[in-house]
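This report describes selected features of the structure shown below. It covers a charged residue, the nonpolar cores, backbone angles and salt bridges.

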Amino acid sequence: MEGIYRAVMEEIWRYTGLSPTAFFTIAGMMIVVYRIVTGMFVDPEDFNKPPVAATINTVDSYSKSNFVNKYFNSTGPAKGSSVQMGDMTEEQLREYGGSNPNKPLLVAIRARIYDVSSSRNFYGPGGPYAMFAGREVSRALALLSFKPQDINGNLEGLGPDELGILQDWEEKFIEKYDKVGQLVAEPRANSDEQTEGGGDETQSEANGQAQ
């Protein structure tokens with residue numbers, strides 16, 4: 001037995017260069033450190049239990065549903081349940097930019113208005129696309145721009161590549177969101193009345209000159 005002990009001690013010194021005392025001291029410290037570190041992440045009662053592979057399939061149906069809804073599904077009304085808004089001017093559209101939580105979030109592309117309320121985390125206040133809510137965003141999407149001067153429906157000067165990008169965006173909106181209205185031009189003063197009034201004044205002036 002003593003011969004075996006001496007042989008083991010000699011092998012430890014040969015392979016590690018440490019004395020047996022130093023070797024076992026370091027080994028003991030490593031075990032202690034390992035226990036401390038793993039104890040920081042594993043409950044002491046579960047430390048000696050075999051690991052359990054937990055997947056979403058092992059969770060009860062209620063918890064699974066909540067998990068999927070939280071991380072994979074949109075929040076808000078489902079597609080097909082939006083209220084139709086009809087024709088709307090850009091000034092009216094701005095009222096649906098998220099300032100009023102009781103109103104839907106609307107975005108217009110190529111004058112078509114979409115209800116994006118189901119993606120309130122993206123288009124609502126504080127979201128990454130909040131600046132698009134309540135606006136006509138065709139140019140911004142085509143240019144992949146967040147600049148305020150590009151958030152409008154002006155497509156002048158855009159090339160085939162930019163228009164292709166806009167088409168891709170529009171197809172995504174059609175697939176995911178309800179079209180709820182159409183953007184129309186701001187109402188202007190009755191030009192016929194102005195023209196008629198101007199004609200009367202001109203005729204009066206002409207009659208005066210003739211007299």
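D115 is buried (under 20% relative accessible area, with exposed meaning over 50% and partly exposed in between, for a 1.4 Å probe and protein chains only).

The model is predicted: local features need pLDDT of at least 70, side-chain atom pairs count only at pLDDT 80 or more, and totals for chains, interfaces and linings use all residues. Residues are numbered from 1 along each chain as its sequence is written, and side-chain values use heavy atoms, with hydrogens and water left out.

D115 belongs to strand β3, residues 112–115; strands (E, at least two residues) and helices (H or I, at least four) are DSSP runs numbered from the N terminus. The side chain of D115 makes a polar contact of 2.6 Å with that of S117. A polar contact is a pair of N or O atoms within 3.5 Å; within protein, one must be able to donate a hydrogen and the other to accept it, and residues adjacent in sequence count only if both atoms are side-chain atoms. When neighbours within four places in sequence are set aside, D115 is in contact (heavy atoms within 4.5 Å) with S82, P104, L105, L106, Y177, D178 and V180.

**Nonpolar cores**

A nonpolar core is a set of buried Ala, Val, Leu, Ile, Met, Phe, Trp, Tyr and Cys residues joined through side-chain atoms within 4.5 Å. The largest one holds 17 residues, of which V107, I109, V116, Y123, F132, V137 and F173 touch the most other members. Two or more residues of this core come from each of β2 (106–109), α6 (138–143) and α7 (160–176), and α6 supplies the largest share, three residues. Beyond its neighbours within four places in sequence, Y123 is in contact with L105, V107, V116, Y129, A130, F132, A133, F173 and Y177. Apart from this core lies another, of eight residues, including M88, L106, I113 and L183.

**Positive phi angles**

A111, in the loop between β2 and β3, has a positive phi near 70° and is partly exposed at 22% relative accessibility. L144, in the loop between α6 and α7, has a positive phi of about 50° and is exposed, with a relative accessible area of 55%.

**Salt bridges**

The count of salt bridges comes to four. The table lists examples.

| Pair | N to O distance | Relative accessibility |
|---|---|---|
| E95 and K103 | 3.5 Å | E95 42%; K103 26% |
| E170 and R110 | 3.4 Å | E170 4%; R110 29% |
| R139 and D150 | 4.0 Å | R139 17%; D150 12% |

R139 lies in helix α6 and D150 in the loop between α6 and α7, so this pair ties together parts that are 11 residues apart in sequence. Both R139 and D150 count as buried. E170 forms a salt bridge with R110. E170 lies in helix α7 and R110 in the loop between β2 and β3, so the pair ties together parts that are 60 residues apart in sequence. R110, R112 and E170 are linked in a network of salt bridges.

How values were computed: Lys and Arg count as positive and Asp and Glu as negative; His and the chain ends are not counted. A salt bridge is a side-chain nitrogen of Lys or Arg within 4 Å of a carboxyl oxygen of Asp or Glu.
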